[in-house]
Amino acid sequence: MTIEIDVLTLFPGMLAGPLDESIPGRAVARGLVTLRVHDLRAWGIGRHRSVDDAPYGGGAGMVLRPEPVGDALDALRRPGTTVLLMDPAGEPFRQATARELAGLEHLVLVCPRYEGVDERVRSLVDREISIGDYVLSGGELAAMVVIDAVIRLVPGVIEEASTIEESHAAGLLEYPQYTRPAVYRGMGVPSILTSGDHGAVARWRHAEAVRRTLHRRPDLLAGRELTADERRVIEEERDARRSEGDLA
Ligand code: JDK
């Protein structure tokens, strides 16, 4: 299993550094991922390789013209290609999205700049993706987030045990983690973690993940099937709060 990723950007230099380092860099070096970054200006129009123009109807700023994107996609698209447009109005990017994309053979990520891309480009892409409800100055950082989250799910990129554990914990926040020293600034480590009882450790971690999710991100639990164990942890937590006189 390998994945090919093409990125279309007016700032190719932005992608190189971060993606050369760490997990994505190693995945590329090991041949598990092919990553190509293209300068959209190569498909720019006329002697000046123009890529932007003023908005019809007036208003501030410039708009990315459709032709450079359309021509670039004509050059890169083949059967099996999925084209993603980075856009603040796109569908929310989630772990489930990353899992879907990691199973595809060829992704092309379009990174607009200026005030965004000409509306007609939307008809040329397969999906529009937003990494969150804030406005970046262009699509590059969003593309890097998507690429990073996708690459680590490509089989062989990280230890399989980590992705199996992740799918068990899907939709929950992380459980608390500890490493040495045993006491740090007066703070100890839960004794169960040094008990050597692997079953008890696994149950404790799952319960902690449920508790943390309940307190910090109850919205995540609402959108998720609960196991009997998870319902029990939530009930116990409610009982514990009630007995402390905490009615929240
Ligand atoms: C691609 C350009 C910057 C886009 C206009 C008016 C209110 C802003 C600037 N998840 C996420 N966040 N941001 C992006 C993203 C931003 C981009 C581009 C992706 C290309 N920009 C930009 C839009 C506006 N808009 C209404 C919000 C201004 C992806």
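This is a predicted model: local features need pLDDT of at least 70, side-chain atom pairs count only at pLDDT 80 or more; totals for chains, interfaces and linings use all residues.
# Close-up views

View 1. Residues are numbered from 1 along each chain as its sequence is written, and side-chain values use heavy atoms, with hydrogens and water left out. A polar side-chain atom of Ser130 lies 3.2 Å from a nitrogen atom of the ligand. Backbone atoms also take part: a polar backbone atom of Tyr134 is 2.7 Å from a ligand nitrogen atom, and a backbone N or O atom of Leu136 lies 3.1 Å from a nitrogen atom of the ligand. On its own the ligand has 610 Å² of accessible area, of which the protein covers 71%; such areas come from the Shrake-Rupley method with a 1.4 Å probe, and for residues only the protein chains shown count as cover.

View 2. Helices (H or I, at least four residues) and strands (E, at least two) are DSSP runs numbered from the N terminus, and two strands pair if DSSP finds at least two bridges between them. Axes are lines fitted to C-alpha atoms, for helices over the stretch in contact, and angles run from 0 to 180 degrees between N-to-C directions; contact means heavy atoms within 4.5 Å.

**View 3. Strand β1 and its two partners.** Of the 7 residues of β1, 6 are buried, so this strand is largely enclosed by the rest of the structure; buried means under 20% relative accessible area, exposed over 50%, and partly exposed in between (1.4 Å probe, protein chains only). Strand β1 (residues 3–9) is joined to β2 by 7 bridges, and the two run parallel. In this pairing Val7 has Val37 of β2 as its bridge partner, and Leu8 has His38 of β2. Towards β6, which also runs parallel to β1, there are 5 bridges, and here Asp6 stands opposite Val108.

**View 4. Asp6 and two histidines.** Asp6 is found in strand β1 and is buried, with a relative accessible area of 2%. The side chain of Asp6 makes a polar contact of 2.6 Å with the side chain of His38, and a polar contact of 2.6 Å joins the side chains of Asp6 and His106. A polar contact is a pair of N or O atoms within 3.5 Å; within protein, one must be able to donate a hydrogen and the other to accept it, and residues adjacent in sequence count only if both atoms are side-chain atoms. Leaving aside neighbours within four places in sequence, the residues in contact with Asp6 include Arg36, Leu76, Leu107 and Leu109.

**View 5. Glu230 in helix α9.** Glu230 is found in helix α9 (residues 228–243) and is buried, with a relative accessible area of 3%. Its side chain is joined to that of His206 by a polar contact of 2.7 Å. Not counting residues up to four places away in sequence, Glu230 touches Leu172, His206, Val210, Arg224 and Glu225.

**View 6. Backbone details in two loops.** In the loop between α6 (160–168) and α7 (198–216) lies Pro181, which a cis peptide bond with omega of about 5° joins to Arg180. Arg185 has its place in the loop between α6 and α7, where it has a positive phi of about 50° although it is not a glycine, and it is exposed, with a relative accessible area of 72%. Arg49, in the loop between β2 and β3 (52–53), has a positive phi near 50° and is partly exposed, with a relative accessible area of 39%.
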